[in-house]
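This briefing is meant for a reader who has not seen the structure before. Please look at the sequence and the model first, then read the points below.

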Amino acid sequence: MLLELRDVSARYGRIQALHGVDLHVDEGEVVALIGANGAGKTTIMRAVSGLLPVSTGSVIFEGQDITRLRADRRVARGISLSPEGRGIFPGMSVKENLDMGAYTRRDRAGIAADLERMLTLFPRLRERLGQPGGTLSGGEQQMLAVARSLMSRPKVLLLDEPSMGLAPKLIAQIFDIVVEIRRQGTTILLVEQNAHQALWVADRGYVLETGSVVRTGSGEDLLDDSSVKAAYLGVA
Amino acid sequence: MHFSEFWNDIGELTVTGLSQGSIYALFALGYTLVYGLLRLINFAHSEVFMVGSFAAVGTWKALGLDQNSQTPVLPVVLLLLVAALLVAALASGATALLVELVAYRPLRHRNAPPLAFLITAIGASVVLSEFVGILTHRRPQGVPPLVEPRPLVTIAGTQITNLQVGTIALALVAMFGLDVFIHRSRWGRGIRSVSQDPTTAALMGVNRSQVISLVFLLGGLMAGVAAVMYDLKIGGTRYDAGFALGVKAFTAAVLGGIGNLRGALLGGLCLGLAENYGAGVFGTEWHDVVAFALLVVVLMFRPTGLLGESLGRARA
């Protein structure tokens, strides 16, 4: 098991956002978290990346308890979040944004090789390399956010709503890239509103409702599940 | 009004203004760097400067020179200047780090409101200046006559002294070095990332506390360099030397656009020029009136300062 959440609860002030969530991600898997707005998907991502302290329970990564580890230290351990809203540094060029992704690394040759790999995976970024991040379109920013997260060479990549606000054609492109990243050997934990496509690319999925896991299974099983269909896939 | 004298003196007023402005600019960097990162006015920065000015005098004293010494030969003078610059920069840098560690960091860890920082900033400033005041019995400390001002070059009939040339050149070199560091190095990228978006910076693995310490240190180093220039220009320092000059440096930072590094340079030079031109036209006693009137006028038309923007957003 690469990543595990054991009975994790978390709160924003007085509002409890997660109620004893248990989930795990194995090496090489793509795992999807689906659920309605406010179900706790993004909260789980924040808890795993260390942005939000958990109130009870523990986060285990590669067999070690990282519950109290600061967010910036988790990056060096191999956890990288591409956040909801993308978090592109607007005043930095595309190149500098990518360099920020490799901030914890010192192996110049490896960084250069990975940069080249990203520019092959996302050719649009090569055309925009010197341009300020703030001037990119939504789709380009999303590609930059994903590429930047990969620049830290994560053991697990957390993707929070990578398709949000994108045109259908771009959404398809993003999911193609998820499949490609996985093929290249990166484990992925994926949060999506777009449940159908997320379950399609995922090995396993968790369905969340008001801060709890209500159903779990393989991507295919969840796609076939009648209650999941009714609630999230828009099929009666 | 003394317009005819003003036109006669304009060359000299310009040079004096630029060299004075260089000191303001270097001093202003500490305010602007910290503000750009934390939206905090570090009032104790004036004392960071003052400590540097004493550190330089202390270095010379330790090497056996006081205000009654003879001017040594040139190579010795250069060594003495380099030694004082190093010691003053390190002393100011260490003071800035200490202020951050004692006065701000504990508040930050408790998510204190901005007003709490303002009060500890003023508190740290008073404690430091009073501490040095008591240690020195509030007496001014004289600087040995290391650099006898004499004309070095003449441009369009205006004589520029060695001290003025040195001050302006050193300020430009220091600011250029800082600019390259912020915009080209990995550490500089870390600073800019935290000032643009602290949460995403943490997701990139940037340690915010380390970045904050680094920014205080850089501001301190620059203030230390400015303090040595000030010592040489004034010929001495006092426990309250930081206060009056700090107000000016802070003004320069706001004038240029606080949070903006190049704004600090521009603001410092403009303020230095405005003061000296004002003194030339209206008489020396109007020096500060003109400087602050300029500030008000500039802010009326450009509320974010001449260059506007902040550390993070500045420059594409």
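The model is predicted. Chain A and chain B bury about 2,000 Å² between them, and the structure holds 25 salt bridges over all chains. The largest nonpolar core has 96 residues.

**Nonpolar cores**

- In the largest nonpolar core, the residues that touch the most other members are A:Ile44, B:Leu26 and B:Tyr104.
- Helix α8 of chain B, residues 208–234, gives the most to this core, with 13 residues.
- From chain A, domain 1 (1–78 + 154–236) and domain 2 (87–153) each give at least three residues to this core.
- Leaving aside neighbours within four places in sequence, B:Tyr104 is in contact with several residues, including B:Leu40, B:Phe43, B:Val99, B:Phe117 and B:Phe216.
- A second, separate core has 44 residues, among them A:Ile34, A:Phe175, A:Leu223 and A:Tyr232.

**Contact between chain A and chain B**

- Chain A gives 22 residues to the contact and chain B gives 21 residues.
- Carbon and sulfur atoms give 61% of the area buried between chain A and chain B.
- There are two salt bridges between chain A and chain B.
- B:Arg192 and A:Glu96 form a salt bridge through their side chains, at 2.6 Å from N to O.
- Three residue pairs are in polar contact across the interface of chain A and chain B.
- On the side of chain A that touches chain B, α2 (71–77) and α3 (94–101) of chain A each supply at least two residues.
- α3(A) gives the most to that side of chain A, with four residues.

**Helix α3 of chain A**

- Seven of the eight residues of α3(A) are buried, and the helix is mostly covered.
- The buried residues of α3(A) include A:Val94, A:Glu96, A:Leu98 and A:Met100.
- Within chain A, the buried residues of α3(A) pack against α4 (108–121), α5 (123–127) and α6 (138–150).
- From chain B, α5 (162–184) and α6 (186–196) also pack against these buried residues.

**Salt bridges within the chains**

- A:Glu29 and A:Arg204 form a salt bridge through their side chains, at 2.6 Å from N to O.
- This pair links distant parts of the chain, 175 residues apart: A:Glu29 is in the loop between β2 (15–25) and β3 (30–35) of chain A, and A:Arg204 is in strand β9 of chain A.
- A:Glu29 and A:Arg204 are both buried.
- B:Lys248 forms a salt bridge with B:Glu275 at 2.8 Å from N to O.
- B:Lys248 lies in helix α9 (residues 241–256) of chain B and B:Glu275 in helix α10 (residues 261–282) of chain B, 27 residues apart.
- B:Asp288 also forms a salt bridge with B:Lys248, with the closest N and O atoms 2.8 Å apart.
- B:Asp288 is in helix α11 (residues 287–301) of chain B and B:Lys248 is in helix α9 of chain B, so this pair ties together parts that are 40 residues apart in sequence.
- B:Asp288 is partly exposed, at 36% relative accessibility, whereas B:Lys248 is buried, at 9%.
- A:Arg105, A:Asp107, A:Asp114, A:Arg117 and A:Arg153 are joined into one network by salt bridges that share partners.

**Positive phi angles**

- A:Arg86 is not a glycine, but its phi is positive, near 75°.
- A:Arg86 sits in the loop between β6 (79–82) and α3 of chain A, and A:Arg86 is buried at 14% relative accessibility.
- A:Thr210, also not a glycine, has a positive phi of about 35°.
- A:Thr210 sits in the loop between β9 (204–209) and β10 (212–218) of chain A, and A:Thr210 is exposed, with a relative accessible area of 65%.

Definitions and conventions. Residues numbered from 1 in each chain as written. Chains lettered and ligands numbered in written order. Predicted model: local features only at pLDDT ≥ 70, side-chain atom pairs only at ≥ 80, totals over all residues. Heavy atoms only, no water. Core = buried A, V, L, I, M, F, W, Y, C linked by side-chain atoms within 4.5 Å. Buried < 20%, exposed > 50% of the residue type's maximum accessible area, 1.4 Å probe, protein only. Domains from an automatic or database assignment. Contact = heavy atoms within 4.5 Å. Buried area = accessible area lost by both parts, 1.4 Å probe. Salt bridge = Lys/Arg side-chain N within 4 Å of Asp/Glu carboxyl O. Polar contact = N/O pair within 3.5 Å; in protein donor to acceptor, adjacent residues only side chain to side chain.
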